[in-house]
Amino acid sequence: MKHLRPLNKKAARIVHDHAGSGTNDVLALQAPPYTQQRPHVPMNCSLMFTPGWEVDAAGGTAGLCQPVERDIYDCFVSCYWPAAVPDHLNNSPDWASKCAAATKDWRNLDLVFP
Amino acid sequence: MKALLASILVLPLLAQSQTPQAASSAEPAKPAPEEGIPVTNQLVISKCGGCHTKDDHGNLLRISWERATPEGWEQAIKRMVRLRGVQLTPEEGRTILKYLATYHGLAPEEAKPVMYYAERRTQDETNIPTDNIRGACAMCHALARPLSWRRSQEDWKLLANLHIALYPQADEAFRLGINAGGFDEERHHRDPNAPLPLDEALTFLGKAAPLKTPEWAAWGARMRAPKLAGQWIVSAYIPGRGRFLGELEVEPSKGTDDEFTTRVKLTSLKDGSTITRTGHSLVYAGYAWRGRSKGTQAGSGAVDDLASDMREVMWVAPDQSMAEGRWFWGQYQEFGFDVKLQRPSADPTLLAADRTSLKTGSQGTRVRLIAESLPAQIAAADLDFGTGVTVRRVVSHTPTEIVAEVDVAANAVPGKRDIAFRRSVLPSAIAVYDRIDYVKVVPDSAMSRLGSETHPKGYQQFEAVAYQRGADGKPHTADDVELGPIDVTWSVEEFFSSYGDDDKEFVGSLSPAGLFTPASDGPNPQRKFSRNNYGDVWVVATAKNEKDKDGRPLKGKSYLVVTVPAYIQFDQPEVAQ
């Protein structure tokens with residue numbers, strides 16, 4: 001902070017608050033002292049990677065693929081959500097064989113009962 | 001085919017390359033192998049022993065170091081059939097399942113905390129100790145799934161390896177950890193030597209779910225054939241429909257000591273309607289009841305019809321004096337009775353009351369008590385409703401019912417009261433309240449799944465429950481008094497999470513009885529980007545009679561996520577056959 005001079009009140013407060021902390025980095029804005037509240041995710045939801053299958057990282061549906069059928073082969077082939085979408089790799093190699101384009105033929109996708 | 005071959009060749013390498021890393025930070029010294037549970041069933045040895053080789057002590061590889069619920073074993077057997085080429089007739093499958101679930105099963109005390117998983121209840125899991133364990137295990141399935149197993153420390157590691165071999169993404173979850181749904185990328189930059197999430201999970205499971213436990217040792221000695229034949233009194237509750245009472249007649253099936261046929265008759269306390277059902281059930285390990293039943297009257301065909309075919313999962317107490325569990329149906333097992341069975345008694349016993357609350361200052365309120373073995377003479381003094389509530393008179397009584405009129409003092413302390421008839425007590429059966437302070441919609445967060453002809457819908461039933469603020473005078477605190485369900489009108493409101501998505505126009509509809517029916521799955525051309533009919537909404541209950549202090553009707557709401565179908569349904573319905 002040697003070469004920076006606070007121009008407004010907020011910046012001055014940051015400089016003031018960090019004057020005695022021995023660090024020159026403005027960590028105050030990056031690392032909140034509180035732990036972030038976890039979004040509510042219903043039990044069994046497959047949240048492997050954002051976005052999740054049933055809900056996204058925020059516990060809602062706004063971040064899911066639009067529509068989910070657009071991405072379904074990628075999920076299937078790479079075994080992306082192993083608890084919600086069948087995987088091509090081991091368990092259900094033929095799952096999508098009746099469904100050439102999921103956005104059109106999604107009705108042909110079977111349910112799997114492992 | 002090439003891809004398949006390549007994956008077969010690569011996967012074991014992947015699995016091997018992970019093992020030392022996982023093992024190195026978990027425990028440096030290798031302990032002596034644990035003693036296994038010898039397999040004595042000839043069919044299991046002949047069907048499984050080809051790969052699961054038998055050692056000098058009669059242990060079959062893997063199997064002898066594992067115990068599980070019937071659902072756990074069924075899942076494993078089905079995986080062996082699906083992926084490992086095991087050939088079984090249904091009868092052989094049933095025999096193997098019965099043997100493993102009984103002699104490599106869980107003790108009742110071990111099974112009780114994870115019964116919600118077998119009972120197919122969706123609830124918030126409070127048994128996940130750390131975020132890393134959540135990230136390693138509970139981002140794809142409930143933690144109850146591993147906790148439905150007991151394994152040696154070594155076998156837990158092998159299970160992790162199996163995950164890595166079958167599901168490549170599991171490897172990433174095991175190593176990187178997933179914090180609250182997103183990657184915790186910084187974790188390893190901050191502390192590269194910290195134990196991996198997998199190590200943490202394995203240490204936890206090794207301690208929380210070890211192969212050898214005092215409970216299992218004790219159950220091995222105590223386990224006996226389930227003597228469940230005869231009469232049972234059933235107390236059942238179904239959200240949205242209220243309480244039912246009835247009788248269950250259990251008869252042993254010919255030639256077995258752990259299979260039964262059942263007949264049940266349930267009567268609604270709310271409207272007096274009756275349901276009769278017949279069924280068949282199996283009891284694993286002396287306590288794990290798994291059954292199926294169907295209605296004997298023609299049903300209405302509605303999805304929430306009480307004549308639907310149901311599955312029964314119950315936990316029979318070790319002394320076989322009671323049982324409790326859930327009778328459920330629906331594609332996602334979303335409908336169900338909470339059920340409790342008890343043996344009839346020759347002594348007068350109270351079973352239920354038809355009301356759940358009494359208002360302070362109310363006079364001459366009629367309370368109907370259902371009971372059994374009541375004597376011929378009943379006086380008002382035989383009944384006790386606790387402080388502040390006086391029994392004015394007994395209006396009528398039969399051997400199974402008492403109707404009493406009660407007065408509640410204007411200054412009675414609000415709170416739950418026991419109802420007692422002589423020495424029989426219904427604990428916390430009726431609540432005294434001065435006013436209804438708020439309405440709570442249960443479940444307070446819920447999930448429904450879109451569906452159509454091929455992917456059946458996942459419904460959600462809501463219920464509105466009234467509350468009194470409790471002794472501290474503040475609503476929404478732990479001491480609030482639950483007063484039971486009230487009449488409300490239901491509506492759906494937008495939950496504002498993204499701009500202009502108008503979720504409530506698309507997700508589905510809510511019936512006057514609080515049953516949410518989701519819309520069709522598949523892309524919807526009427527929505528932006530042809531997105532599905534999924535969405536997040538509030539389900540709002542507006543009380544018909546109860547008002548707040550400003551004279552507006554009381555309202556309660558619950559967060560509902562309407563989401564896409566699960567194409568895999570991890571459910572083991574055959575355990576009941």
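1. Is the crossing of helix 3 of chain B and helix 4 of chain B left-handed or right-handed? The crossing is right-handed; a crossing counts as right-handed if the near helix is turned clockwise from the far one by less than a right angle, and as left-handed if anticlockwise. Helices (H or I, at least four residues) and strands (E, at least two) are DSSP runs, numbered from the N terminus.

2. This is a predicted model, in which local features need pLDDT of at least 70 and side-chain atom pairs count only at pLDDT 80 or more, while totals for chains, interfaces and linings use all residues. Residues are numbered from 1 along each chain as its sequence is written, with chains lettered from A and ligands numbered from 1 in the order in which they are written.

3. The axes of helix 3 (residues 70-84) and helix 4 (residues 90-103) of chain B come within 9 Å and cross at roughly 135°. Axes are lines fitted to C-alpha atoms, for helices over the stretch in contact, and angles run from 0 to 180 degrees between N-to-C directions. Helix 3 and helix 4 of chain B are therefore oblique to each other, the class left after angles under 35 degrees (roughly parallel), over 145 (roughly antiparallel) and 65 to 115 (roughly perpendicular). B:Pro70, B:Trp73, B:Glu74 and B:Ile77 of helix 3 meet residues of helix 4 including B:Gly93 and B:Ile96; contact requires C-beta atoms, placed from the backbone, within 7 Å.

4. Chain A has 3 helices and 0 strands. Of its 114 residues, 33% are buried, that is, 20 or more other C-beta atoms lie within 10 Å of the residue's own.

5. In chain B, 3 strands form an open sheet in the order 21-24-25, with antiparallel pairing; two strands pair if DSSP finds at least two bridges between them. Strand 21 (438-442) and strand 25 (481-485) of chain B stand at the edges with a single partner strand each, so one side of each has no neighbour in the sheet. Strand 21 of chain B is joined to strand 24 (residues 463-468) of chain B by 5 bridges, and B:Val439 stands opposite B:Ala466 in strand 24.

6. The largest nonpolar core has 162 residues, and those with the most contacts inside it are A:Val85, B:Leu369 and B:Val539. Such a core is a set of buried Ala, Val, Leu, Ile, Met, Phe, Trp, Tyr and Cys residues joined through C-beta atoms within 7 Å.

Note on methods
A residue is buried if 20 or more other C-beta atoms lie within 10 Å of its own, exposed if 12 or fewer, and partly exposed in between; C-beta atoms are placed from the backbone. Two residues are in contact if their C-beta atoms, placed from the backbone, lie within 7 Å.
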